[in-house]
Amino acid sequence: MTWSHLIATAFCVGHLRPAPGTWGSLAALPAGWLLHVLGGPVLLVAATLLAFALGWWATILETKGKEDHDPSEIVIDEVVGQWIAILPLSIGATHAGAALTALWPGWIAAFILFRLFDITKLGPIGWADRRNDALGVMLDDVIAGVLAAIGVIALAWVAHGGAS
């Protein structure tokens, strides 16, 4: 097994069936929590950037010479997108001096919104996916993660009385 395969499949999580993308997103949650505990939002952002760079590299190698530009076992893109989706929770918990797990409704929202955007491929997410290259594999989940993060912020605003 190569390093590129281990990275692209998020240490073989991408081989779980059914719905490997969902498994990749689920695996990202405890890893994101651990990153937050170890270094707060700064470490989560650094790890996200590193995972993006390594994921892009690994996806290039894993799809080279293959017709399928986005095989289902590649889930490092889901990890990156899910970490982006939970970033507002990390920032909020740090700002409030609260445990990240205390923001559990936000975790559920981040997961559901990210999966919804990633699966439906609406708007710019679909554009990135249609690039048919390794950058597109990564970018569609980055965009889905950003949209999910915006959704998490909006839901938190409503839940905390911002709409009243």
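The model is a predicted one. The protein chain holds 6 helices and 0 strands, and from the N terminus on its elements run α-α-α-α-α-α. With a radius of gyration of 16 Å, close to the 15 Å that the globule rule gives for 164 residues, the chain is as compact as a globular protein of that length.

**Overall shape and surface**

- Along its principal axes, the C-alpha trace of the protein chain spans about 55 × 35 × 25 Å.
- Of the 164 residues in the chain, 48% count as buried.
- The accessible surface of the chain comes to about 8400 Å², and carbon and sulfur atoms account for 74% of that surface.
- Among contacts with a separation of 6 or more, 74% are between residues 24 or more positions apart.

**The nonpolar core**

- The largest nonpolar core has 41 residues.
- Within this core, the residues with the most contacts are Ile-76, Val-80, Trp-83, Ile-86 and Leu-89.
- Two or more core residues come from each of α1 (3–8), α2 (20–63), α3, α4 (104–120), α5 (124–129) and α6.
- Helix α3 gives the most to this core, with 9 residues.
- As general background, nonpolar side chains tend to be buried together in soluble globular proteins.

- Helix α3 covers residues 76–96, which makes 21 residues.
- From its first C-alpha to its last, α3 reaches 30 Å, close to the 30 Å expected at 1.5 Å a residue.
- The helix bends by about 40° at Ile-86, and the proline Pro-88 follows within four residues.
- Because 15 of its 21 residues are buried, α3 is largely enclosed by the rest of the structure.
- Just after α3, Gly-97 takes a positive phi of about 70°.

- Leu-89 is in contact with Leu-100, Leu-103, Gly-106, Trp-107, Ala-110 and Val-152, leaving aside neighbours within four places in sequence.
- Ala-93 is also found in helix α3, and its relative accessibility of 1% is under the 20% cut-off, so Ala-93 counts as buried.
- Beyond four places in sequence, Ala-93 touches His-36, Ala-98, Ala-99, Leu-100 and Leu-103.
- Ala-93 and Leu-43 are 50 residues apart in sequence and 14 Å apart in space, C-alpha to C-alpha.

**Helix α4 and its cover**

- The 17 residues of α4 should span 24 Å at 1.5 Å a residue, and its end C-alpha atoms are 24 Å apart, which agrees.
- The buried residues of α4 are Gly-106, Trp-107, Ala-109, Ala-110, Phe-111, Leu-113, Phe-114, Arg-115, Phe-117 and Asp-118.
- Helices α2, α3, α5 and α6 are included in what covers these buried residues.
- Asp-118, which lies in α4, has a relative accessibility of 4% and counts as buried.
- Leaving aside neighbours within four places in sequence, Asp-118 is in contact with Glu-78, Asp-140, Asp-141 and Ala-144.
- Just after α4, Lys-121 takes a positive phi of about 55°.

- Thr-48 lies in helix α2 and is buried, with a relative accessible area of 10%.
- With neighbours within four places in sequence set aside, Thr-48 is in contact with Val-80, Trp-83 and Ile-84.
- Gly-145 is found in helix α6, residues 134–159, and is buried, with a relative accessible area of 0%.
- Gly-145 and Ile-84 are 61 residues apart in sequence, yet 5.1 Å apart in space, C-alpha to C-alpha.
- Ile-84 is one of the contacts of Gly-145, along with Gly-81, Ala-85 and Phe-114, when neighbours within four places in sequence are left aside.

Conventions. Residues are numbered from 1 along each chain as its sequence is written. This is a predicted model: local features need pLDDT of at least 70, side-chain atom pairs count only at pLDDT 80 or more; totals for chains, interfaces and linings use all residues. Side-chain values use heavy atoms; hydrogens and water are left out. The expected span of a helix is 1.5 Å times one less than its number of residues. The bend at a residue is the angle between axes fitted to the seven residues ending there and the seven starting there. Buried means under 20% relative accessible area, exposed over 50%, partly exposed in between (1.4 Å probe, protein chains only). The radius of gyration is taken over C-alpha atoms; the globule rule is 2.2 Å times the number of residues to the power 0.38. Contact means heavy atoms within 4.5 Å. Accessible areas come from the Shrake-Rupley method with a 1.4 Å probe; for residues, only the protein chains shown count as cover. A nonpolar core is a set of buried Ala, Val, Leu, Ile, Met, Phe, Trp, Tyr and Cys residues joined through side-chain atoms within 4.5 Å.
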